[in-house]
Amino acid sequence: MNGAEELAHALAILRAGGVVAFPTETVYGLGADALNAAAVARIYALKGRPSNHPLIVHVSAARQLHDWALAPSAQALRLADAFWPGPLTLVLRRAAHVLDAVTGGQDTVALRVPAHPLAQALLEAFGGGVAAPSANRFGKVSATSAQHVRAEFGHALACVLDGGDCAIGIESTIVDASGSQPVLLRPGGIGRAELESALGAAVAMPGSSAPRTPGRLEAHYAPGTPLMLVEPDLAAELIRSLARQDKRVAVLSFSAMRPLLPDLTWLACAADARGYAHDLYAMLRAADASGSDVIVVERPPARPEWAAVLDRLTRAAAGSGAPDSP
Ligand code: TXA
Ligand code: MG
C-alpha cells in the first residue's frame with residue numbers, strides 16, 4: 001500500500017470501531033473513535049490497561065476543544081493557542097457526552113492536538129476525536145517508531161501508520177487547566193518555564209489532591225530488565241562490581257569511552273536534553289534486547305530542561321524491580 005492507501009485503510013478501521021496505531025511528534029498512539037465505547041474498550045484490552053486510567057482525546061484543531069470541554073478558562077485557551085498543534089495535553093472540564101470509558105469516570109477530559117503531519121491528516125479526515133494512549137503495553141516503554149509498535153503488539157494490531165521516528169521522543173506535557181490555577185501533571189516536551197512565559201503566570205506542581213494518572217504512578221515506563229540510575233562519577237565502579245558478579249550490563253552513558261569489560265553493551269547518550277529525550281525509548285529497548293542482566297543509566301543533571309527525561313528514568317528504575325541504586 002502507498003501512503004494514501006495506508007491512510008484510507010486506517011480511516012476505515014477507525015470508522016468501523018477498530019484500533020490503529022499512528023505517529024505523533026511525541027510517541028506513537030493507539031487510537032480509536034472516542035465516541036464509540038466498544039472501540040475504546042478494544043484499546044484497554046490491547047494495552048492490558050486498567051479501565052479506570054483515562055485516555056487523551058486527540059483532535060485535529062484547537063477549535064474542537066469546545067466539542068469536548070465545558071467553559072474552558074482564559075488560561076486554558078491561552079495555552080491551547082500557544083502550544084497547539086504540539087506536545088501539550090490539557091485536562092479540562094468534560095462536556096456531558098464524553099464517555100466514562102475515556103475519562104475514567106472523572107469529571108475532566110484530556111485533550112491534545114498533535115503536530116505530526118500523518119496524525120493531522122488522519123484526524124482531519126476522521127473529523128471526530130480519537131482516544132489514544134501511548135502504543136505500548138501497560139507500564140512498559142513507549143514506542144517512538146512503527147517498528148517498536150509492531151514489536152509490542154505484532155498481529156494483534158491490524159494497522160500501524162508509519163511516520164518514521166518521533167521528533168520529540170517522550171510523551172506530551174500534561175497540564176490540568178480545569179481549576180483556577182494550572183497544574184503540571186506530567187513533564188514532557190514543553191517545559192514549565194515555557195508554559196509560565198506563555199501564561200504570564202505560575203504553573204503549580206501537583207499536590208496530593210491531584211487526580212491519580214498512570215503516568216504519575218511511581219513505577220511506569222519500565223523496561224523488562226532491572227534498571228539502576230547512578231551518578232555519572234560512580235558509574236564505572238558500579239559497572240566493574242556488577243561485572244565481578246558475572247552480570248551482563250548495558251549502560252546508557254554520557255561518555256563515549258567504554259570500559260574494557262566483556263559482556264558490556266555501551267549506549268552513548270546525547271549530552272543535551274532534547275537529543276537524549278529523542279533517543280531515550282529506543283535506547284531502553286536496545287538495552288532490553290541486548291540480553292543484559294542489568295541496565296545502568298548515568299543520572300542526567302538536575303536542571304529544569306532535564307525534568308521530563310529524569311521523570312521517565314526515575315519511574316523506569318522504580319518499575320523495573322532493580323535494587324536501589326547507589
Ligand atoms: O504524548 C502523548 O501524550 C501520547 C501521544 C500518543 O499523544 N499519549 C500518551 O497517552 O502518553 P497515555 O495514555 O500513555 O498517557 C496519558 C496520560 C495518562 O497518565 C492519563 O492518566 C492522563 O494522561 N490523563 C488522561 N485523562 C486525564 C484526566 N482527565 N485527568 C488527568 N489525567 C488524565
Ligand atoms: Mg503511556
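Buried means under 20% relative accessible area, exposed over 50%, and partly exposed in between, with a 1.4 Å probe and protein chains only. The model is predicted: local features need pLDDT of at least 70, side-chain atom pairs count only at pLDDT 80 or more, and totals for chains, interfaces and linings use all residues. Residues are numbered from 1 along each chain as its sequence is written, and side-chain values use heavy atoms, with hydrogens and water left out.

**View 1. Side chains of strand β7 (residues 173-176).** Strands (E, at least two residues) and helices (H or I, at least four) are DSSP runs numbered from the N terminus. Thr173 and Val175 point one way, Ile174 and Asp176 the other, and all are buried. In a regular strand the side chains alternate between the two faces of the sheet.

**View 2. Neighbours of β7.** Two strands pair if DSSP finds at least two bridges between them. Strand β4 (residues 88-93) pairs with β7 in the parallel sense over four bridges, with Leu88 opposite Thr173. Strand β8 (residues 183-186) pairs with β7 in the antiparallel sense over three bridges, and Val183 stands opposite Asp176. Six residues lie between β7 and β8 in this hairpin.

**View 3. Open sheet of four strands, β9-β12-β10-β11.** The pairing is parallel. β9 (227-230) and β11 (264-268) are the edge strands, each pairing on one side only. Four bridges join β10 (residues 249-253) to β12 (residues 294-298), and Val251 has Val296 as its bridge partner.

**View 4. Helix α9 (residues 232-244) on the sheet.** Contact means heavy atoms within 4.5 Å. Axes are lines fitted to C-alpha atoms, for helices over the stretch in contact, and angles run from 0 to 180 degrees between N-to-C directions. Helix α9 lies across β9, β10, β11 and β12, at about 165 degrees to β12.

Notes:
Chains are lettered from A and ligands numbered from 1 in the order in which they are written.
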